[in-house]
Amino acid sequence: SFDIFSSTYEHNGEKKNMAATFKITLEVPSELVALSNMPAFDVKVDGNLKTVQYMETPIMSTYLVAVVVGLFDYVEDLTPDGIRVQVYCQVGKADQGKFALDVAVKTLGLYKEYFAVPYSLPKLDMIAIPDFAAGAMENYGLVTYRETALLYDDKHSAAANKQRVSTVVAHELAHQWFGNLVTMEWWTHLWLNEGFATWVSYLATDSLFPEWQIWTQFLNESTEGLRLDGLAESHPIEVEVNHACEIDEIFDAISYRKGASVIRMLQSYLGPECFQRALASYIQRYACSNAKTEDLWAVLEEESGEPVTKLMNSWTKQKGYPVVTAKVKDQKLEFEQSQFLLSGSPGDGQWIVPITLCCGSYDACRNFLLQTKSEALDIMEASSCSDSQGSLMEAGKRETNSWVKINVDQTGFYRVKYDEELSARLRYAIESKCLSATDRYGILDDSYALCMGCQQSLTSLLTLFSAYREEVDYTVLSNLISISYKVARIAADAAPELLDCIKLFFINLFQYSAERIGWDPKQGESHLDAMLRGELLAALSAFGDDATLAEARKRFHAFLDDRNTPLLPPDIRRAAYVAVMQNVSTSNRSDFDSLLRVYRETDLSQEKTRILGSLGSSRDHDIILEVLNFLLSSEVRSQDVVYGLAVSREGREIAWNWLKDNWEHITKTWGSGFLITRFVREIVSPFSSYEKAKEAEEFFAIHGKPSIARTLKQSIERVHINAKWVQSIQCEKHLGEAVKELAYRNY
């Protein structure tokens, strides 16, 4: 039973509910564990049943009330403050909860200090639930997770799994303050919960695991936000929500990732100490009540004396972001902002942009707010103390201090487009190892986006790639790998005759790193090298490197004979699975069948999702269809189907027909949650022709439903962007000779 105690107040003569506390009683079979938000204070057993009464909750929102009943094992620990923390999981998996338990205990201490407010409940339970659609849910004092986000197995989990557990736990625990103790006023302010929890989870993880360089990896969050927000069909961070059915679709990369990125931009602008003081004031002021975006800005403005509301309104109330164009003219550095859209269409947004720049050295930094369409800086002033030889912009590449990098360390949520001279100098600065990893990442990612938006040629993007041949940073290389997959896909549509040369170029590009890192883990190597190894080997496999494919197959067969073989540790399993799927066909399917056997025999969710994410990389049409049908079978948990939807380019037509044939079943099974949007996005977005976009529009005009409307529009826009990009590449006169020169260059 639920007893809800609410208080009321009058507003304009109308009676309204103000807040609620909950007193919960459960009657359950006596052998089961029964949990709720608060600790139990009374348990009465009566034969096969028991009645459990829980302490009354503090004032809280209804969406955070939770009960869980089932058979569970647990591990537990106490914080120095005496708060009991327990991690529950399926019977027999208790050891896999120890890592998350340790992270939780330490994170509660970190947040108590950061927010200057202790955790507000007497206990914290975290529980792994086998069938769970979201990654996790921050119910007050009883946080629920899918198994892959909470459990970590020393023997069979990869380094990437460890990192995911840490950031998800830190994210959910941040909500205990930001969301639960202080709750958003309405769903329009959802981003405050999610953007903030995402940002602060990196702060906590960095404090616990500084060797992971997690703030460099944060750029992956920013990039996801920038990719979605570069669409005309994006939406502002603050979105009007008028109906409950609209809520699911705003749990997206804008709320989480753009939200986190603009918070990081603001923290960087105001300075970390001022930002922390203001957050502590905000939490204390609005504890046990509701707040809206403006309330946070007001507190930050009070603390900093800066025009926070005016600055941030330009980022939260309008969609999109700017590209800042930088060029040198008459001893001046000219800046101009305009809305960046991947479609190449002109947008009319204008922002207050915190510009940071370094000239030739990280010792010479400038920052200012770009509040108008354009502004110019005197170069001597911009480079102040960094250049005793006269003008910083003296010609040539004699001095490595002649580069100019804007948006230092990528803390700003915008793209930068440099003129040819500045671009050449930055390329030289990358080759000369003068730039930080975050800046190398930013230059690469901005160039890729500009190329996709037809504002830069593929020839110049590939030339930039070659400057990254000796790259050693995990995050930069990981982004280079994912961009290379996308470039190979678009090249296959635009210039199929160059595909082999482009693949060879990528194989050569990654060879240096692959040789440095090898197949086998080294004693005492970093967490980041462990993650990089799997990604590099998967890329070499996907691009058809014969030596990698042969070695992967050999190790996969050793693994089939002995699941504990040191030849295939968890960090490289996915790479081996991708490799063996490359040559699978209906007449040569034994490796596919073996992989399905591994899937059926493991009870580790992370192993299952690793396999599901590899099966679709097959190039054989019949196998792809078999894989997609397998996803709909009872052998795959409904929440895990999405891992298998990203199929190879050769399989995209098969996947589209499969989606249409099974649409009725898919809408019946997944239609009520957010997972259905993933089917549409993963299967429609990869196409690159206007005809296919029209076909998708026509199909969904008849079979669509409101909950996929936004995702469908975004997916069709992506197809249009790809189609335009293909046409742009086909008009590049010197692409063929440039690709051949790059592919056969002797490094």
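The buried residues of helix α23 are Lys692, Ala693, Ala696, Phe699 and Phe700 (buried means under 20% relative accessible area, exposed over 50%, partly exposed in between, with a 1.4 Å probe and protein chains only). Seen down the α23 axis, they fall within an arc of 130°, so they line one face of the helix; the arc is taken from the directions from the helix axis to the C-beta atoms. This is a predicted model, where local features need pLDDT of at least 70 and side-chain atom pairs count only at pLDDT 80 or more, while totals for chains, interfaces and linings use all residues. Residues are numbered from 1 along each chain as its sequence is written, and side-chain values use heavy atoms, with hydrogens and water left out.

**Helix α23**
- Helix α23 covers residues 690–703, and its 14 residues reach 20 Å from first C-alpha to last, close to the 20 Å expected at 1.5 Å a residue (expected span: 1.5 Å times one less than the number of residues).
- Helices here are DSSP runs of H or I, at least four residues, numbered from the N terminus.
- Its buried residues pack against α21 (652–670), α22 (675–684) and α24 (709–730).
- Turned away from that buried side, the other face of α23 carries exposed Glu691, Ala701 and Ile702.

**Nonpolar cores**
- A nonpolar core is a set of buried Ala, Val, Leu, Ile, Met, Phe, Trp, Tyr and Cys residues joined through side-chain atoms within 4.5 Å.
- The largest one has 183 residues, and Phe465, Phe506 and Phe510 have the most contacts inside it.
- Helix α13 (residues 474–494) gives the most to this core, with twelve residues.
- A second, separate core of 58 residues includes Ile572, Leu612, Trp658 and Trp670.
- Leaving aside neighbours within four places in sequence, Phe465 is in contact (heavy atoms within 4.5 Å) with Leu444, Leu480, Ile483, Val487, Phe505, Phe506 and Leu509.

**Val598**
- Val598 sits in helix α18 (residues 590–601) and is buried, with a relative accessible area of 3%.
- Not counting residues up to four places away in sequence, Val598 touches Phe559, Leu560, Arg563, Tyr577 and Ile611.
- Val598 and Trp725 are 127 residues apart in sequence and 40 Å apart in space, C-alpha to C-alpha.

Notes: Helix = DSSP H or I, 4+ residues; strand = E, 2+ residues; numbered from the N terminus.
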